Amino acid sequence: MTSKQQPDFDAIVVGAGFAGLGLIHYLREAGRSVKVFDKASDVGGTWTWNRYPGAATDSEGYYYCLTFSKELLQEWSWSQRYPGWEETHRYMRFLADKCDMWPHIQLDTEISSAIYQKDEGHWLIITADGDEHTCKYFISAMGMISQPYVPSIEGIDDFKGPIFHSSRWPEGLDYAGKRVGIIGAGATTVQMLPVMAETAANVTMFQRTPNFIMPAVQKPMTPEWEKEIKENYDEIIAKCRNHSFGMAFDSPVGRLAAETPAKEREAIFEELWQVGGFRFCFETFDDLLANPAANQMAADFITSKIREKVKDPETAELLTPRGYPLFAKRPPLDHGFYEAFNRDNVRLVDIKDREPIVEITETGVRTSENHYEFDIVVLATGFQAYTGAQEALEIRGLGGTTLEDKWESASTSIMGVCVADFPNLFMITGPQAPFANLPTSIEQNIMWITDCIKMMESKGYDVCAPLQEAEDAWSAHTAEIHDQTLMAQGDKVHSWMMGANIESKTPRVLVYFGGANVYYDKLRESVDNHFPELEFERLAS
Ligand code: NAP
C-alpha cells in the first residue's frame, strides 16, 4: 500500500498584495504552510505596480487596510485622508515586517501555469523559469483590477519616445518640461493629469467617454482625527462589514432623493459634496443607485459643478457625461482634475465625436483632424478587470480545461471564490464577487477560504469540488440583481464592470450588486452550513 504524496505546501498563493499578505496571516494561524509568489520585485500588488504621479487610494486610508491585528491598526499612522501609493506601499511592507511574512514570500517569480493533478488532489504550479512546486490548495490573489488593457491602436509600436501603460510607470521617468499625451480619461487619468500638468510642458488628454467625477477633498490626518479613529476602530470595522460597498459610512441614511423637496435635496447634495469622496453616493440619499429619477438628480448636480469649475464652456461641455446614468461607470475622485483644464498647458481632445485617433506615429498621435507631437505617451486605457489576471495564466482544472476557456462567453463562479471543475482552487474577489472597498472584501474572502481549509483538514478531506448547480444558482442570482440596476447600462459606455471595455469580449455580468454586506452574510451562512456549495472527498491512500 502506497501512502499519499505530500505536496510541497498546503497552499500556494499567486499575488503579494493585500490578499496574499492576508492569506499568509490567516493560513499560518490555521497551522497551514503557505507560499506566496509574485512577479513583482516587492510586496504591494496594485500599490507596487501603480506608481503613476498622483496615484492614491479613493477609499479613506484608515479603512483601506487589513484588520486582523488590532495592535497594528493602533500602531500605524496615516498621514492624510487618501494616502498616496508610496504611503500605502509602505503600509504593506510594514505589515509584512511586523508579521514576519517575508519567509513565506518569493518575489520576482512569475507563475506561468497551474495544473490540477486529479489523482493526488494537488496542484502543480510551474514558474516562468520552469521551476515546479506542488500544493493542495491553489489560491489566486492576483487582484481584481490588475491585468493592464491596451487597445489595438495602429502604429502603437512606432512611437520613438517612452510609451507605456499607466500601471507600468518607468522608474525615474522625468516628465518635467516634456510634452505628454494621455490616452484615456478614467480614474487613473483623473488622478494623474493635474499632477503632471504642474511640471510638464503640456499635457493632452484624449477622451472618449467623459465621467461623473466627485471631489475627493484631500486633507491631512490631524492628531485629533487619528485619536478619534483609533478609539473607534471596532465600530469602523463593523461599519465596513455592514456597508453595501464595504466602506465605513453611515448608510442607509433613511431618505430618498425622489421624495425630498428640491431645495432641501440640493442642500443635502451640496453638504456631502463639500465633505467629499464616495460619501456623496452613500450618505446623501438611498435611491441614487436604483431609481433612475433620483440618479438623474445626482447626475444633474454633478454636471452643474463641472460648469462651475471649468472656465471654458466648450471644454466644460466636452467633459460633461451624457446619455448614461451615474454609476454605469465607476466614478473617479477629483484632486484638481477639472481645475487643470483652466491651465494654458492642458488640452482636451474629443476622440469620440470630433477627431477619433487614427494612429500613433513615431512622434505623436494622429487623429482624423490633427497630428499631436509628444515626448511621452501614457496609455491610461484601463484593465481586464475581474478575470484578466487569471486568464493570463494557464490554469487547468478537471479535463484540462483552462479558466480562460471556461469563461469565454460568461465569467461564472460561486460567490467569486471558487469555480466548478476547478477543485481545491480558490479565488480572492473573482468574477461575480461585489465591487467594494477591496481590503474589506479581500479579508471576508480570506476568512471563508481559511474556514473551508480548516474544516477540510479537520475532517481529513483531500478534495473540495465546487458544485455546478451552486455555480449556476449564484450566476443566475447575480445576473438577476445586475439586470435590475442602473449598472446594467455599463455596456453602453465600455464599463470594465461588465468587461465591456475589452474589444474582443462580449459584455457580461461580472459584479454582484446585491450589496457587499449581503454577500458577506452569504459567505458566513456558507461556513455555518458547512459549505453546501462544495462536495468533499477523501482519496484512497
Ligand atoms: P478605466 O476607468 O477603464 O479608463 C480607461 C480609459 O481608457 C477610458 O477613458 C477609456 O475610454 C479609455 N480607452 C480604453 N480603450 C480605448 C480606446 N480603444 N480608444 C480610446 N480610449 C480608450 O481605467 P482606469 O482609469 O485605469 O481605472 C480603472 C479602475 O481602476 C477604476 O475604475 C478604479 O476602480 C481603479 N482605480 C482606482 C484608483 C483608486 O482607487 N485610487 C485609481 C485608479 C484606478 P472609455 O471610457 O470610452 O472606454
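User: Which helices each supply at least two residues to the lining of the second largest pocket?

Analyst: In this predicted model, those are α9 (279–282) and α17 (516–528).

User: And which helix gives the most?

Analyst: That's α17, with three residues.

User: What's the volume of that second largest pocket?

Analyst: About 450 Å³. It has 26 lining residues, and the closest to the centre are Ser244, Phe245, Phe282, Asp286 and Leu289.

User: How does the lining split into nonpolar, polar and charged residues?

Analyst: There are 16 nonpolar residues, eight polar ones and two charged ones.

User: Where does the pocket lie relative to domain 1 and domain 2, and why?

Analyst: The second largest pocket lies between them, because domain 1 (9–147 + 384–537) and domain 2 (183–222 + 246–379) both give residues to its lining.

User: OK, switching to strands. Do β4 and β5 pair in the parallel or antiparallel sense, and over how many bridges?

Analyst: Antiparallel, over six bridges. β4 covers residues 111–117 and β5 covers 122–127.

User: What about the hairpin, how many residues sit between the strands?

Analyst: Four, and Gly121 in that hairpin takes a positive phi near 70°.

User: Which way does β17 run with β4, parallel or antiparallel?

Analyst: Parallel: three bridges join β4 to β17, which is residues 394–396. In that pairing, Ile115 stands opposite Arg396.

Definitions and conventions
Residues numbered from 1 in each chain as written. Predicted model: local features only at pLDDT ≥ 70, side-chain atom pairs only at ≥ 80, totals over all residues. Heavy atoms only, no water. Pairing = 2+ DSSP bridges. 1 Å grid on protein atoms, 1.4 Å probe; cavity = no way out; pocket = protein on both sides within 12 Å on 5 of 7 lines; lining within 4 Å. Points joined across faces, edges and corners; volume = space filled by probe spheres on them. Nonpolar A, V, L, I, M, F, W, Y, C, P; charged D, E, K, R; others polar. Domains from an automatic or database assignment.
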